Amino acid sequence: MENYPLPTELASSPFIRSIPPDLDNTHACETAIGYKFSDPWLLWEALQAPGSWPSLQLISRYEKGNVRLAIVGDRILDFLLALKWYPTYQKRVAFDELRNQVTTNSSFNAVGNRMGLERYIAKAPGTDQVSPKTMSDTVEAIIGAVYLDGGVDAVKVVAANLGIEV
């Protein structure tokens, strides 16, 4: 397995011992989504449900698990849908309908369940299952991580692999 350097925030943290020493789970998820990350720590972050590693809350970058990446993913999907809608010359309501069909929590939860992503998500201590909201946020976070790692074209490939039509 390749050795990837820890992000600075993790490498300098006294709480690093609570983090798994390898990225095996991340690599398995890469296979599932059909994308190899240049920086697998982005995917690792995307798979962290809020509260999954309590000691990470002391590191501001990871305070809320994958929430920051989920916001990026949500916005990049909106952007791609706007690009799909724009040349149609339809009214704004058509864009809103398209967005509501593609980017709902229930649709992302279904995508995550269909792809078996639950097995890769780091859950909060004492949590046995991934909630629909956490699954939805994780799918968005994965999209955000892919965008930061590989750009718009990579997002299009992964979205297609996940069955998200953008």
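These are legends for close-up views of the predicted model shown above.

The model is a prediction in which local features need pLDDT of at least 70 and side-chain atom pairs count only at pLDDT 80 or more, while totals for chains, interfaces and linings use all residues. Residues are numbered from 1 along each chain as its sequence is written, and side-chain values use heavy atoms, with hydrogens and water left out.

View 1. Helices (H or I, at least four residues) and strands (E, at least two) are DSSP runs, numbered from the N terminus. Read from that end, the elements go α-α-α-α-α-α-α. Of the 166 residues, 47% are buried, where buried means under 20% relative accessible area, exposed over 50% and partly exposed in between, with a 1.4 Å probe and protein chains only. Take the contacts (heavy atoms within 4.5 Å) between residues at least 6 apart in sequence: 63% of them join residues at least 24 apart.

**View 2. Helix H6 and what covers it.** H6 spans residues 105-115, and its buried residues are Ser107, Phe108, Asn109, Val111, Gly112 and Met115. The cover over these buried residues includes H2 (24-33), H4 (67-85), H5 (92-102) and H7 (132-162).

**View 3. H6 packed on H7.** The two helices meet at an angle of about 80°, and their axes are 8 Å apart. Axes here are lines fitted to C-alpha atoms, for helices over the stretch in contact, with angles running from 0 to 180 degrees between N-to-C directions. H6 and H7 are therefore roughly perpendicular; that label covers 65 to 115 degrees, with under 35 roughly parallel, over 145 roughly antiparallel and the rest oblique. On the H6 side, the residues in contact include Phe108, Asn109, Val111 and Met115, and on the H7 side they include Pro132, Met135, Val139 and Leu162. Sorted by class, this contact has 7 nonpolar, 6 polar and 3 charged residues. Ala, Val, Leu, Ile, Met, Phe, Trp, Tyr, Cys and Pro count as nonpolar, Asp, Glu, Lys and Arg as charged, and the others, Gly among them, as polar.

**View 4. Thr103, in the loop between H5 and H6.** Thr103 counts as buried because its relative accessibility is 9%. Its side chain reaches back to the backbone oxygen of Arg99, at 2.7 Å. Setting aside neighbours within four places in sequence, Thr103 is in contact with Leu77, Asp78, Leu81 and Phe108.

**View 5. H4 crossing H7.** These helices pack at about 55°, with axes 6 Å apart, so H4 is oblique to H7. The crossing is left-handed, meaning that the near helix is turned anticlockwise from the far one by less than a right angle; clockwise would be right-handed. Among the residues in contact are Leu69, Gly73, Ile76 and Leu80 of H4, together with Ala141, Gly144, Leu148 and Val152 of H7. By class, the contact has 14 nonpolar, 2 polar and 4 charged residues.

**View 6. Ile142, a residue of H7.** With 0% relative accessibility, Ile142 counts as buried. The C-alpha atoms of Ile142 and Gly73 are separated by 7.1 Å, though the two residues are 69 apart along the chain. Neighbours within four places aside, Ile142 is in contact with Cys29, Ile33, Leu43, Ala46, Leu47 and Leu117.

Methods. A polar contact is a pair of N or O atoms within 3.5 Å; within protein, one must be able to donate a hydrogen and the other to accept it, and residues adjacent in sequence count only if both atoms are side-chain atoms.
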